[in-house]
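User: I would like to learn how to read a protein model feature by feature, with the general idea set out before the particular case. Could you take me through this one?

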Amino acid sequence: MKNDCLFCAIAAGEIPSSKVYEDEICYAFYDIDPQAPVHFLVIPKEHIASVAGIDGSNSAVVAHIFEVIARVTKEKNIESYRVVSNIGEQAGQSVPHLHFHVLSGRDMTWPPG
Ligand code: AMP
Ligand code: ZN
């Protein structure tokens, strides 16, 4: 756990959140400012700053997160959705702890803004 990291504190239960799913590796919770009728975030419990921090020592966590996304969306009967991860300021990353947005429930545009 990294000091002063918002998502480390959420994963540890120190800051309240609306839980979607939890296991020993990852935590999923609803976004506080939803951009679609369904919008939740999936984060590793281990602190990784972004996709740019993924390497051979931690990539299994990411595979696990995608398994969880596939399972949780199926359980919620969500058939079509978008998974997004912003890396760095220009791409719109505002919290420097790896997270995957899962968005669903409305038509999506492409290219993304
Ligand atoms: P990003 O801008 O891609 O780094 O995504 C960060 C996301 O975290 C944004 O969609 C925020 O709305 C969301 N967020 C920030 N603080 C909280 C919080 N306390 N609980 C839930 N979601 C949050
Ligand atoms: Zn963190």
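Predicted model: local features only at pLDDT ≥ 70, side-chain atom pairs only at ≥ 80, totals over all residues.

User: How are the rings of Phe7 and Phe29 arranged?

Analyst: One looks at the distance between the ring centres and at the angle between the planes, where an angle over 60 degrees counts as edge-to-face. For Phe7 and Phe29 the centres are 5.4 Å apart and the planes stand at 85 degrees, so this pair is edge-to-face.

User: How many aromatic pairs does a search of the whole structure find, and which parts does the pair of Tyr30 and Phe40 tie together?

Analyst: The search finds four pairs. Tyr30 and Phe40 form an edge-to-face pair, with 6.2 Å from centre to centre and 85 degrees between the planes. Because Tyr30 belongs to strand β2 and Phe40 to strand β3, this pair ties together parts that lie 10 residues apart in sequence. The two partners can also be read by accessibility: Tyr30 is partly exposed at 34%, whereas Phe40 is buried at 1%.

User: Which residues have the most contacts inside the largest nonpolar core?

Analyst: A nonpolar core is traced by joining buried nonpolar residues whose side-chain atoms lie within 4.5 Å. Here the largest such core has 16 residues, and those with the most contacts inside it are Tyr21, Phe40, Val42 and Ile65. Two or more residues each come from β1 (19–22), β2 (26–30), β3 (38–44), α2 (59–75) and β5 (100–104), and α2 contributes the most, with six residues. For a view from one member, leave aside residues up to four places away in sequence: Tyr21 then touches Cys26, Tyr27, Ala28, Val68, Arg71 and Val72. Another core, of 10 residues, lies apart from the largest one, and Cys5, Cys8, Ala11 and Val95 are among its members.

User: Which residues coordinate the zinc ion (ligand 2), and why is the arrangement tetrahedral?

Analyst: At a metal, the ideal angle for four tetrahedral donors is 109.5 degrees. The zinc ion (ligand 2) is coordinated by Cys5 through SG, Cys8 through SG, His47 through ND1 and His97 through ND1, at 2.1 to 2.3 Å. The four donor atoms subtend angles of 106 to 114 degrees around the zinc ion, and therefore the arrangement is tetrahedral. Along the sequence, the donor residues follow the spacing C-x2-C-x38-H-x49-H. Both cysteines are buried: Cys5 has a relative accessible area of 8%, and that of Cys8 is 3%.

User: In what order do the elements of the protein chain run from the N terminus on, and how compact is it?

Analyst: The secondary structure comes to two helices and five strands, which run α-β-β-β-α-β-β from the N terminus on. The radius of gyration is 14 Å, close to the 13 Å that the globule rule gives for 113 residues, so the chain is as compact as a globular protein of that length. Along the principal axes, the C-alpha trace spans about 40 × 30 × 30 Å. Buried residues account for 38% of the 113 residues. Of the contacts between residues at least 6 apart in sequence, 52% join residues at least 24 apart.

User: Which residues have a backbone that calls for a closer look, for example through a positive phi or a cis peptide bond?

Analyst: Most residues other than glycine have a negative phi, and most peptide bonds are trans. Asp4, which is not a glycine, has a positive phi of about 65 degrees; Asp4 lies in the segment before α1 and is exposed, with a relative accessible area of 84%. Asn77 likewise has a positive phi, near 55 degrees, and is found in the loop between α2 and β4 (82–84), where Asn77 is exposed at 68% relative accessible area. The peptide bond from Trp110 to Pro111 is cis, with omega near 5 degrees, and Pro111 has its place in the segment after β5.

Terms used. Residues numbered from 1 in each chain as written. Chains lettered and ligands numbered in written order. Heavy atoms only, no water. Donors = N, O, S within 2.8 Å, 3.2 Å for Na, K, Ca; no water. Tetrahedral: all angles 85-135°; square planar, octahedral: opposite > 155°, others 65-115°. Buried < 20%, exposed > 50% of the residue type's maximum accessible area, 1.4 Å probe, protein only. Helix = DSSP H or I, 4+ residues; strand = E, 2+ residues; numbered from the N terminus. Contact = heavy atoms within 4.5 Å. Phe/Tyr/Trp six-rings, centres within 6.5 Å; stacked < 30°, edge-to-face > 60°. Rg over C-alpha atoms; globule rule 2.2 N^0.38 Å.
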